[in-house]
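Subject: Structure for you to look at

Hello,

Here is the structure I promised to pass on.

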Amino acid sequence: MPTDAVEDYLKSIYRIESRVGPPVSTSQIADSLDKTPATVTSMVETLADRGLLSREKYTGVELTPAGEVAALEVVRRHRLIEAFLAEQLDYEATEVHDEADALEHHVSEEFTRRVERVLDYPAADPHGDPIPPADLSTPEDAGTTLVAALDPGERGTVARVSDRDPDVLEFLVDAEITPGTTVEVVDITSFGLVTVRTSDGDEHGLPEAVADRVYVRRAAESTAATDGQEAGDA
């Protein structure tokens, strides 16, 4: 069974790959886990020796098939725990990440399956991140784009928000820019400030660092996804 540290590294690399694609650099991993480059290099060598990473010197690393399965297992536990805390124990979206980080290494697969069943097999965690299924296949996350990619006047539905920065997440929660919220881009400045209007008419200026954490589905794509879901339920 992987150690807590190994699981943390695999989860971090998976998240970076999901966001920007491989290869993942040592500095990206170090920033994500708040580790020194030397510490990361040592662990990367260990993971490569175990067949969990493929490594190209001076380029970066990529999860092997075995490494991806191991990463998906811990990501699945983490996101199901977040969903359970939010839905069953009334935790706020800003509170669940740290709690899930503490619990994810210490629950069994049976516990995970029971949580999933109690929650009626949720597709996403409270931040909108897709929950890997029990077969540990890569979860579907198609059709999303950064809110800054919308043109002024264009609308979209928030699909997910990053939980990596607690201050950014708290800002978005306070502004009620959370999964399921419809936003309209009002303006995008030359220095990256994105002004959005929510359905209640309130306008919020999102600095570039915040806008880069908000993923939306364009209005037409959101409607198509809803229509497809309704057709599937019929």
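In helix 1, Glu7, Leu10, Lys11 and Tyr14 meet Gly67, Glu68, Ala70, Ala71, Leu72, Val74, Val75, Arg77 and His78 of helix 4 (contact means heavy atoms within 4.5 Å; helices are DSSP runs of H or I, at least four residues, numbered from the N terminus). Seven nonpolar, two polar and four charged residues make up this contact (Ala, Val, Leu, Ile, Met, Phe, Trp, Tyr, Cys and Pro count as nonpolar, Asp, Glu, Lys and Arg as charged, and the others, Gly among them, as polar).

The model is predicted: local features need pLDDT of at least 70, side-chain atom pairs count only at pLDDT 80 or more, and totals for chains, interfaces and linings use all residues. Residues are numbered from 1 along each chain as its sequence is written, and side-chain values use heavy atoms, with hydrogens and water left out.

The axes of helix 1 (residues 4-20) and helix 4 (residues 65-88) come within 8 Å and cross at roughly 95 degrees (axes are lines fitted to C-alpha atoms, for helices over the stretch in contact, and angles run from 0 to 180 degrees between N-to-C directions). Helix 1 is therefore roughly perpendicular to helix 4 (65 to 115 degrees).

Helix 2 (residues 26-33) and helix 3 (residues 37-49) pack at about 110 degrees, their axes 9 Å apart. Thr26, Ile29 and Ala30 of helix 2 meet Pro37, Val40, Thr41 and Val44 of helix 3. That contact divides into five nonpolar, two polar and no charged residues.

Regards

Methods: Helix = DSSP H or I, 4+ residues; strand = E, 2+ residues; numbered from the N terminus. Parallel < 35°, antiparallel > 145°, perpendicular 65-115°, else oblique.
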